[in-house]
Amino acid sequence: MAVIAANCPRIKVTVVDLSEKQIAAWNSGNLPIYEPGLQEVVESVRGKNLFFSTNINATILESDIIFISVNTPTKISGIGAGRAANIKNCELCARKIAEVATSDKIVVEKSTVPVRTADAVKRVLASASKYTFQVLSNPEFLAEGTAIDDLQNPSRVLIGGEQTDLGKAAIATLVSVYAHWVPADKIITTNLWSSELSKLVANAYLAQRVSSINSITALCEQTDADIDEISRAIGSDPRIGNKFLKASVGYGGSCFQKDILNLVYICDTFGLKEVSEYWHQVVLMNDHQKHRFANKIVRTMFNTITGKKLAILGFAFKKDTGDTRESAAAYVMKDLLEESARLSVYDPQVTREQMFMEFDYTLGVNNTSMPGLDHMIETAPTAMDSVKGAHAIALLTEWDEFKTLDFRAVYAAMSKPAFIFDGRNILPHDELREIGFEVYAIGKPMTSSMIGK
């Protein structure tokens, strides 16, 4: 919404939420989320044509276009638990709009939703109001960490709507908003259902590429092939391309896991068993990669990490964001905690409170399920504080600052033998071995050079 406001100075944009705390944060100099460039964009238009408010009713009344941008988490109980998306919040928004509106509106699904959610929204609006509502689908295709640039220079903007005269007119209205800064050839219009499904399929394809390259890392480690060289070789094929071929400990974030599981559930509900199983394997491979990494740590460290201190560098699911949802680090740490390790965590953007919330919400790990959790995990103010006295380092988020650590000082501060487990393949492995570290990197030969062997 901030980017729309920045590019459309004559359009008033108001973001509303029930939480006074959240709105207060958006109106402050300390935004509730971290995203490079976001603070500057918000501050450039806040109070001009961008506003944050808890006055939901007044905002609905004065708006011509209403975006529904709410969380649609995976259901944790009931039918479809663990796979289906919970669209309760979308329905609640629709009911509130129908209750308050005193004129026709365009309602836009911005949240990632199951295909045909728009039909449910339309039925709620039509049954609870005498006014006419056109429902559009306008999913977002941005990546955290580069979100502002992705919005300012999108690869495409997708708008789906009913293929009726009124539906096409609503599509044209939303197109005119984006046309302020997005070239016409990058604005794609479709029917409602194609737009909704396109978002799920896009995330499924991206996650599939991550799981596909990660599946090869285990084979590389057995054969002394180098996964980065393989990625470069296959990525040079224009039919494949080089995006999302970076091997890692596994994907995370709020979208991939949730959207693939949602796609799996939709396929199941239509009796498409083989299709469902195909996409579910992407999730299973991602889970396997996280467990495989944790198991490698235990096996390498003489089959026991009980009581040993391990430095965890990074908890966010990727660099340049404070988002911890479905972070691979949480899963790896859970496995290490079950082996009775002591963990010292450093992440430049994640608080201890955030970390423990993710453990509890996603993994059910808390002081009740794992007594003594508070004492098993310490949070460090710097990377150097985290590594002091550690037997090993597990690098789980690819923050740039980890590349420039003084590793001679790090080595001196650690217990010996000093292990490094690079879950993102960003460190200079040969240099680290020369210093004295025992280095494990995903999909990499264990020796510095395999030439001539």
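Mentor: A residue is called buried when its relative accessible area is under 20%, exposed when it is over 50%, and partly exposed in between, with a 1.4 Å probe and protein chains only. The model is predicted: local features need pLDDT of at least 70, side-chain atom pairs count only at pLDDT 80 or more, and totals for chains, interfaces and linings use all residues. Residues are numbered from 1 along each chain as its sequence is written, and side-chain values use heavy atoms, without hydrogens and water.

Trainee: Why is Lys 258 called buried?

Mentor: The relative accessible area of Lys 258 is 14%. The limit for buried is under 20%, so Lys 258 counts as buried. This lysine belongs to helix H11, residues 256-269; helices are DSSP runs of H or I with at least four residues, strands are runs of E with at least two, and both are numbered from the N terminus.

Trainee: Which residues is Lys 258 in contact with, leaving aside neighbours within four places in sequence?

Mentor: Contact means heavy atoms within 4.5 Å. On that basis Lys 258 meets Thr 72, Pro 73, Thr 74, Arg 83 and Thr 112.

Trainee: What makes Ser 103 partly exposed?

Mentor: Ser 103 has 28% relative accessibility, so it counts as partly exposed, a class that lies between the limits of 20% and 50%. Ser 103 sits in the loop between helix H5 (88-100) and strand S4 (105-109). Not counting residues up to four places away in sequence, Ser 103 touches Tyr 131 and Phe 133.

Trainee: How many disulfides are there by the rule?

Mentor: A disulfide is a pair of cysteine sulfur atoms within 2.5 Å. The count by this rule is 0. Cys 93, for instance, is in no disulfide, and its nearest cysteine sulfur, that of Cys 90, is 6.6 Å away.

Trainee: Is Cys 8 buried or exposed, and what of Cys 93?

Mentor: Cys 8 has a relative accessible area of 1%, so it is buried. Cys 93, at 23%, is partly exposed.

Trainee: Why is the chain called as compact as a globular protein of that length?

Mentor: The chain has 18 helices and 13 strands. Its radius of gyration is 24 Å, close to the 22 Å that the globule rule gives for 453 residues, so the description applies. The radius is taken over C-alpha atoms, and the rule is 2.2 Å times the number of residues to the power 0.38. Of the 453 residues, 48% count as buried.
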